[in-house]
Amino acid sequence: MLPRIADSLSFLYLDKVRIVQDDTGVCARIDVNHERTDLVYLPTAALSCLLLGPGVSITTRALATLARHGTSVICTGSTGVRAYAAILPDSLTTHWLERQVTAWADLNQRLSTATRMYDLRFSPDQAPSNATLDQLRGLEGQRMKSLYKIQAEQHGIGRFRRNYHPDQWDTQDPVNLALSAANTCLYGIVHAAILALGCSPALGFVHTGKQHAFVYDVADLYKATTTIPIAFSLHQSPQPEQDARRSFREELRLLRLLPRIVRDIQSLLAPPSDIGDGEDGDDSPESQDVRIVHLWDPKAGTLQAGVNYAPDGD
């Protein structure tokens, strides 16, 4: 079995290095003050996702090895924020994509998933267990208003109103500028996690109609504890956008957000019955990360591949 995507070595971020393949394996060449070159060998077989930041170059042979080991390669901004492009290996399982499509296409499952996404944002006493989707949307609006009010009072700011107008970007206050910049960084991190799982960023459950609808769905789970506090702490910053990106990177190191995002996506896409009682572990979301290719059948669900199904005697 390959390592699970939520294991500690699932994601590795590199920048300002040259990645090559030598006789031993894939290594990162690091120039130290133009005086010497250090070599750091990468555990490619234990990596689910390699994030390439600015200043990285990589050879074709190294990419081929990463693809052979089932490692997704994602080009990102500094420290993993903003996902620009991705190279996904052929061995990447479609298991989580299939679960996402199944849940998205079925109205009842989509409603259940959207409801659970809202539930993750509330503490147990904030939302009734039988609340409708309309009620949850209203409760979410009240929660955000309350959060903005609390943050504004803590930082001695007058009344705050969330305002996002791209055509009036330079006229916005520092908090709104910082919040927009930090949210963009968060979207990049979530996008990278979604691609590493093989899911579609476009198939959202709460949001719809955009290529990043699922990215917005997942990112909304973490704004209250990440980007919003950062933005309000920069209400007096002369460069709120730059400072927001820098602060978010520092917080990201402390929070270990990527593994948490992966676990939450898997939990949301796995039907409650699949989470199971943990007796044998075969039905847990993470145990399904690696699967042999199979054939689809409307009655049996899946059939073994590599078998000749011609009737006997033909």
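Trainee: Hi! How many residues are in the hairpin that joins E9 to E10?

Mentor: Three residues link E9 to E10 in that hairpin. Do keep in mind that this is a predicted model.

Trainee: Got it. Do those strands run parallel or antiparallel, and how many bridges join them?

Mentor: E9 (residues 294-297) and E10 (residues 301-304) run antiparallel, with four bridges between them. For one of the pairings, look at Asp-297, whose bridge partner in E10 is Gly-301.

Trainee: Switching to the four-stranded sheet: what's the strand order?

Mentor: The order is E4-E3-E2-E6, in an open sheet with mixed pairing.

Trainee: Which strands stand at the edges?

Mentor: Those are E4 (36-41) and E6 (57-58). Each has a single partner strand, so one side of each has no neighbour in the sheet.

Trainee: And in what sense do E2 and E6 pair?

Mentor: In the parallel sense, over two bridges, with E2 covering residues 18-21. Ile-19 has Ile-58 in E6 as its bridge partner.

Trainee: Which helix packs on that sheet?

Mentor: That's H1, residues 60-68, which touches E2, E3 (26-32) and E6. The direction of H1 makes about 75 degrees with that of E2.

Trainee: New topic, pockets! How much space lies in the largest one?

Mentor: About 470 Å³. The largest pocket has 20 lining residues, and Asn-183, Tyr-187, His-207, Asp-220 and Lys-223 lie nearest its centre.

Trainee: Which elements give two or more residues to that lining?

Mentor: Helix H4 (133-154) and helix H5 (174-197) do. H5 supplies the largest share, five residues.

Trainee: How does the lining divide into nonpolar, polar and charged?

Mentor: Ten of the lining residues are nonpolar, five are polar and five are charged.

Trainee: You mentioned Asp-220. Where is its place?

Mentor: Asp-220 sits in the loop between helix H6 (213-219) and helix H7 (227-233).

Trainee: Does Asp-220 count as buried or exposed?

Mentor: Asp-220 counts as buried, because its relative accessibility is 16% and the cut-off for buried is under 20%.

Trainee: What does Asp-220 touch, leaving out residues up to four places away in sequence?

Mentor: With those left out, Asp-220 touches Arg-121 and His-207. His-207 is also one of the residues nearest the centre of the largest pocket.

Trainee: How far apart are Asp-220 and Tyr-118, in sequence and in space?

Mentor: They are 102 residues apart in sequence, and 9.2 Å apart in space from C-alpha to C-alpha.

Notes
Residues are numbered from 1 along each chain as its sequence is written. This is a predicted model: local features need pLDDT of at least 70, side-chain atom pairs count only at pLDDT 80 or more; totals for chains, interfaces and linings use all residues. Side-chain values use heavy atoms; hydrogens and water are left out. On a 1 Å grid over the protein atoms alone, a cavity is a set of points where a 1.4 Å probe fits but cannot get out, and a pocket is an open set with protein on both sides within 12 Å along at least five of seven lines; lining residues have an atom within 4 Å of a point. Grid points are joined across faces, edges and corners, and a volume is the space filled by probe spheres set on the points. Ala, Val, Leu, Ile, Met, Phe, Trp, Tyr, Cys and Pro count as nonpolar, Asp, Glu, Lys and Arg as charged, and the others, Gly among them, as polar. Two strands pair if DSSP finds at least two bridges between them. Contact means heavy atoms within 4.5 Å. Axes are lines fitted to C-alpha atoms, for helices over the stretch in contact, and angles run from 0 to 180 degrees between N-to-C directions. Buried means under 20% relative accessible area, exposed over 50%, partly exposed in between (1.4 Å probe, protein chains only).
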